[in-house]
Amino acid sequence: MQNTLIAKVENKPGVLNRVASLFRRRNFNIESLNVGRTENPDVSRMTIVMEGPDVDARKVEANLYKLVNVLDVQDVTNQPAVIRDLALIKVKSTPEHRAEIANLANIFRAKIVDVAPDSVIVEIAGTEDKIEGLIELLLPMDIVEMVRTGQVAMLRGEAPGIRHTPGANGNNQPKHYKK
Amino acid sequence: MKKTGAEIVLECLVREGVEVIFGYPGGAIMPVHDAMLRYPIHHVLTRHEQGAAFAADGYARASGKVGVAIATSGPGATNLVTGIATAMLDSSPIVCFTGQVPAHLLGGDAFQETDVTGITLPITKHNYLVTRAEDLAQVIQEAFFIARSGRPGPVLIDICKNAQLDEVEFEYPEDISLPGYRPPSHADPAHLEEAVKLIAEAKRPVILAGHGVQMSGATAQLREFSEKTQTPVGMTLLGLGSLPASHPFSLGMMGMHGNAYCNQAIQNSDLLLAFGMRFDDRVTANLRTYAPRARKIHIEIDPSEVHKNVKVDVALIGDLKTILNDIAPLLDPGDHEEWLEQISEWREESEARDILSWPSEEKLHSAHVVQDFWQHTGGDAIVTTGVGQHQMWAAQYYNFDQPYRLITSGGAGTMGFGLPSAIGAWFAHPDKEIWTIDGDGSFQMSLPELATAVQEGANVKILILNNNFLGMVRQWQEFFFDKRYAATPLTGPDFMKLAEAYGVPAKRVSERKDVAAAIEFARNTPGPVVIEYLVEEEDSVYPMVAAGADLDDMIRRPITKQKTAPAD
């Protein structure tokens, strides 16, 4: 099962290293990790996606709080959230294939953002499933290279997210650990 | 007022109440050592940076304050690493300062440059690289706060040389702003109620007291809890002294070399109350068969320790003392007479086959030495140890009645910890009796610190149990490697001549009748003294739970007078 966590961290040098070192040190397997700026210049935001049982996600959450620079961790798995990934896919394409690729891109609301004599770059943003769907269709056309940002997530409306680690950083929404 | 970075370091240390620092100078930290001469802080020159970190740790554990170590960049800093890892695994509050090359040279492989914050990242609670003198005061204040609060641990501050030399306006920050660091204190009241319910239902409860009991200052609360609910208390190695060994509810030490009756009580328990301990593999043995019929309540300040090794039914996250105070009025008096009766039967069986009931023979038994030593020091000495058989014998046969009388490397199991940590403990309590019980192997790892003890006039007594082996590994070789003693026999040195070279009075003892006199000699001789006991070479620590075995599946001391299996 996939778990998605959002961690707000202090925007200071070395914090990404601390988080990455933690994952390595505790042997956590991370599917994707995205780091970016937020509305507050002092705060960065990480979206961490991990494959594995819930209990592993709880461990990641509790361990993240041990880092002095981690401000808040929420679990947004199965919560009303917008979760997006962005991919750039370079596909081999002779001029006669371009229309077909453009067509596919259209169906997926993707865009062709670069055209070269024998390739095009398709840009797509959306959920995992949607991107996987497009990739599947583009595969037969020979994907030259691809890059994905990893997921970013934001809860809808006023949804507060779940904080499983009771007492951590003074958060007082203690909930039972799932067994 | 304008001050150099080095002066700011010392201004901050004085404000933190630091009186003694353990360290070793070198190029990149020279400005701090230089400024130290102008401040009321005593610098102890250890003979190796590792000794400085151990001494700071020993000081911290003996005093309850933050210990401070200081070293230069590169090799000076990397020599601290083992000491920092030791403090990390035992949650000991120390702050380490290291010099670093000037900021403009960072990353350029300048002389004695090492990525110290990178190296120590996984073995510190937090660390800092300071490139500007302006940042020092705040960083140092934060470092001390982080080191001693919550679950304590080591913090390292790597200071670029330019930040030590630059003169800036010094202003001591009014308060600390660490928005991401808020250690929990009270547990959730709903969880408290669940815990109270489990406690009331229990018929065969056992408390597991860990290092957290002493660190949060909860020994009185533990005792009150234990007596009110009639719950016996097993202790981890670092928990020894949480409840007096002489208390009727004390089960002594649990785990790999714990008391058989303590392990039996845990395995047959129906409720384990884990107080400030983390279910280390040395106390649980096989996790799949650990306390199979017991429900579990875990009181722990570090949420990441909960469910890490053992799934528990109720977790109370917060400060142990606070939580025990919160829970006390909710508890009903318990009555577990049958259970306590059962435990005392196990205990009698354990004691009957204990080596203490053996007569003294030709060769000295380490257990007898430690027992005599305990009696002659009235159980009141602060005892540090190295790591190995002697450490376990010290834990088993020195009956710790008070907290923080045993200072030992538990989680990391770091050999060589004994002498330097004893020196640190002496600076914390120069008025108390300080001993290190060491092995011939462990002692040699920190041997140069004998000179430190002499130079400082440290009143530390060194008790060496010399079996001419790396005894614990030898024991494993005997049990699990068909007595193939690979790389474990030790020869020499002559500890008497060695002590003489350092100007340290020394005595060698090989018979039980002389054990006590040598202890008295040491106690009556000021300054460091070495007492070497030539003990049975192939003695083993019993009971022993083999790695991965069930906790109550113990190798017991053979009931006959044969000390070990007969040689082929």
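Of the 179 residues in chain A, 32% count as buried (a residue is buried if 20 or more other C-beta atoms, placed from the backbone, lie within 10 Å of its own). A note before you zoom in: this is a predicted model, in which local features need pLDDT of at least 70 and side-chain atom pairs count only at pLDDT 80 or more, while totals for chains, interfaces and linings use all residues. Residues are numbered from 1 along each chain as its sequence is written, and chains are lettered from A and ligands numbered from 1 in the order in which they are written.

**View 1. Chain A has four helices and nine strands.** Helices (H or I, at least four residues) and strands (E, at least two) are DSSP runs, numbered from the N terminus. Starting from that end, you can follow the elements of chain A as β-α-β-β-α-β-β-α-β-β-α-β-β. Along the principal axes, the C-alpha atoms of chain A fill a box of roughly 60 × 35 × 30 Å.

**View 2. An open sheet of chain A has the strand order β2-β3-β1-β4.** The pairing among these four strands is antiparallel; two strands pair if DSSP finds at least two bridges between them. At the edges sit β2 (30-37) and β4 of chain A, each pairing on one side only. On average, neighbouring strands of this sheet are turned by 15 degrees against each other, direction ignored (axes are lines fitted to C-alpha atoms, for helices over the stretch in contact, and angles run from 0 to 180 degrees between N-to-C directions).

**View 3. Strands β1 and β3 of chain A pair over nine bridges.** Residues 2-10 make up β1 and residues 43-51 make up β3, and their pairing is antiparallel. Look for Val9(A), whose bridge partner in β3(A) is Ser44(A).

**View 4. Helix α2(A) lies across β1, β3 and β4 of chain A.** Relative to β4(A), α2(A) runs at about 165 degrees.

**View 5. Chain A meets chain B through 23 residues of chain A and 19 residues of chain B.** Here, two residues are in contact if their C-beta atoms, placed from the backbone, lie within 7 Å. On the chain A side, α1 (15-25), α2 (54-65) and β4 (70-75) each supply at least two residues. The largest share of that side, five residues, comes from α2(A).

**View 6. In chain B, domain 2 touches domain 3.** The domain assignment places domain 2 at 189-348 and domain 3 at 355-537; such bounds come from an automatic or database domain assignment. This contact takes 13 residues from domain 2 of chain B and 14 residues from domain 3 of chain B.

Notes: Ala, Val, Leu, Ile, Met, Phe, Trp, Tyr, Cys and Pro count as nonpolar, Asp, Glu, Lys and Arg as charged, and the others, Gly among them, as polar. A residue is buried if 20 or more other C-beta atoms lie within 10 Å of its own, exposed if 12 or fewer, and partly exposed in between; C-beta atoms are placed from the backbone.
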